[in-house]
Amino acid sequence: DLAEVRAVIGAIAVNVLIRSELGEFLGLSAIVGVTVCAALFVIGILRRPSAVRRRAWVAMGATGVLAVVAVIGAVVSALSSRTDVTAGNSRAREGIEALNTGDYEGAARLFDESGAAFGRADSSLAGVLAAPALLIPVVAQNLSAGADLSAGASSAMTTAADALRQIDPANLRLVDGAIDLDAIRAVEDPLVQVQGAIASLRTTIQGVESPWLIGRLQSELLELEDELDENEPRLETALDAVRIAPQILGADELRRYLVLFTTQAESRGLAGFIGNYAEITINDGAVLITEFGRRSDLDAAALAIQAACSGCSQEVLVRYGPFGLTTGAGGVAGSEVWTNVTRPAHFPYVGELTQALYPQSGGQPIDGVISLDPYVIQALMQYTGPIEIDELGVTVSPAAAADFILREQYVIAGDDGNEERIDGLETLGRAAIDGLLAGAMPVPSELAADMSPLVEEHRLLFWTDDPAEQEFLDTIGMLGAMPPLVDDTGFAVFLANSGPNKIDVFVERSVVTEVVTADDGARQLIADVTLTNNAPASGLPLYVIGNAFDLSPGTSRSWVTFYGPKALRTVTLDGEEAGVLGLPEAQWTAFTTKVQIAPGETVAYHLEYDLPPATVLDEPLISEWIQPTALRDT
């Protein structure tokens, strides 16, 4: 019967209602709560004496007038801040994108603009005009959230901008064959400051999120939070790069790497066929070329000394032993061990083989392997400019470098100019590296922008024997490690030339895969692979379209390997059953067969794999592992 108790109970009930987060539409909880509150007020007042009712209605009217005035002030403040909040959000997201590309100067400018815009919004939302509205439910929550967000964002963006101005990208370039490792180390602290500022902004956003907020403010918050969440692993990767780069660049001890110049004109595995190689040493950031030679020289040296791959894993020896190694006696080298060392689809196996064999083939012990294909050389020549090849009497321009390596060199040299052609390739490779070391290398952001598509296509690969470095290289896509299979749903097809010839610039492939689930839940992976040989039967040197098996010129002869799950139910070639040999490779199963394709002809494989029941809620995507080809647009 106590009025005070009834008032407390009513107040509790209304607060429960307005905080119930009803999900039909934004503000429903507040509408229900305010409606109930008004009903309770009216019902309560009607039961009071007339004098009390009069005073209550007068007070309510005055309060209403003041509320309207307060809301008008809040609306004016919100409208004046809306453009600034939107601009601050937009500049912050643009700044994050600039940060991701390594444009520190641009990111600092955009973060400054964002901080200034959020600062103006804070001044409007926390000003005198908006202050009375802080007593009005719903309106108060939106004003407070906007003000808190604006103040926190302004501070975070200004801090990030100041930190980025401490970084001078010019100090991170290769100059006179050396990189300043202290300049790399100096980048860490500013990036940590940026990371802290962005984390602070995320905390502010999460702190002001509420079901009371109007839709526009909610959408601004969600957009910015999504951008911050997406950026977090990128910024962490940038920090990892700064922390691990000095040791890769010989900060602790001299590092020695083998650089492989590869080509897909004669296909192999992920890396392609080796033409030439270079040995580079890096000591405290200073880079030197200590050896440059031909792959054939390594083959001859390995055979002469009977090089053995005693440290190689059994899986590598069993899978690739028949192609240049024997599986017994620790894998003794045959006559073409270096010719086939790049056959694996899993590049860390190439690193394992190369590190074991190179010191026994006339080289020094190495810490890692780098593979560059013709398109990488073409991209690097953008910085060095044209290169004269006296051996063939031509000048190779940057725009034509890949085509020269893949096709034109063979046409120019013909069948009788093989020695001059190989010497010319050495000239090209050496001149490109010399030009880069002499100072042609751009700042890291430009280099990364140019190289990242080639990394994505597995044309630029890098393996070291350090587990932490391998993890980092895998994160940025350079390690060339086959991805894990999810519920066995993965497929890839790789070709390895067995002509031998340089005909693979003419071979096209088409791969179509799907996962089919039957009514009883049984699952299958279906793959259709089409190979087309567009090579001419004449008009090119036999070095390109000939072969060692008395087949007609222009005939493509290759090992075909299908990578996928273990349970291969059937594989057919043009409708006829095809025999395959299955062996494990990097948690996939490799099924290998041979194929011959006459010029102008097409063959079609059809494969069906049985899959285990799905363990994930949704059907997993099919893991793909795509072999780089000479035809880059495919």
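Modeller: Contact here means heavy atoms within 4.5 Å. This is a predicted model, in which local features need pLDDT of at least 70 and side-chain atom pairs count only at pLDDT 80 or more, while totals for chains, interfaces and linings use all residues. Residues are numbered from 1 along each chain as its sequence is written, and side-chain values use heavy atoms, with hydrogens and water left out.

Colleague: Which residues is His346 in contact with, leaving aside its neighbours within four places in sequence?

Modeller: His346 lies in the loop between α10 (314–320) and α11 (347–357); helices (H or I, at least four residues) and strands (E, at least two) are DSSP runs numbered from the N terminus. With neighbours within four places in sequence set aside, its contacts are Gly480, Ala481, Met482, Glu585 and Ala586.

Colleague: Is His346 buried or exposed?

Modeller: Buried means under 20% relative accessible area, exposed over 50%, and partly exposed in between (1.4 Å probe, protein chains only). His346 has a relative accessible area of 10%, so the class is buried.

Colleague: How many salt bridges does the structure hold?

Modeller: A salt bridge is counted when a side-chain nitrogen of Lys or Arg is within 4 Å of a carboxyl oxygen of Asp or Glu. One of them joins Arg243 to Glu236, with the closest N and O atoms 3.7 Å apart. The number of salt bridges in the structure is 26.

Colleague: How many residues apart in sequence are the parts that Arg120 and Asp84 tie together?

Modeller: The side chains of Arg120 and Asp84 meet in a salt bridge, 3.2 Å from N to O. Arg120 belongs to helix α4 (residues 104–125) and Asp84 to helix α3 (residues 50–100), so the sequence separation of the tied parts is 36 residues.

Colleague: Which strand holds Arg294, the partner of Glu419?

Modeller: Glu419 and Arg294 form a side-chain salt bridge of 3.0 Å, N to O. The two are 125 residues apart, with Glu419 in helix α14 (residues 418–440) and Arg294 in strand β3 (residues 286–294).

Colleague: What is the relative accessible area of Arg294?

Modeller: Glu419 is partly exposed, at 45%. Arg294 is buried, and its relative accessible area is 15%.

Colleague: What volume does the largest cavity have?

Modeller: A cavity is a set of points on a 1 Å grid over the protein atoms alone where a 1.4 Å probe fits but cannot get out, and lining residues have an atom within 4 Å of a point. Grid points are joined across faces, edges and corners, and the volume is the space filled by probe spheres set on the points. The structure holds three cavities of 30 Å³ or more. The largest has a volume of about 80 Å³.

Colleague: Which elements each supply at least two residues of the lining of the largest cavity?

Modeller: The lining includes Arg319, Tyr320, Phe494, Leu495, Trp559 and Thr561. The elements that each supply at least two lining residues are α10, β8 (490–497) and β11 (556–564).

Colleague: How many charged residues has the lining of the second largest cavity?

Modeller: Ala, Val, Leu, Ile, Met, Phe, Trp, Tyr, Cys and Pro count as nonpolar, Asp, Glu, Lys and Arg as charged, and the others, Gly among them, as polar. This cavity has a volume of about 50 Å³, and its lining includes Asp504 and Arg509. Four lining residues are nonpolar and three polar, and the number charged is two.

Technical notes: On a 1 Å grid over the protein atoms alone, a cavity is a set of points where a 1.4 Å probe fits but cannot get out, and a pocket is an open set with protein on both sides within 12 Å along at least five of seven lines; lining residues have an atom within 4 Å of a point.
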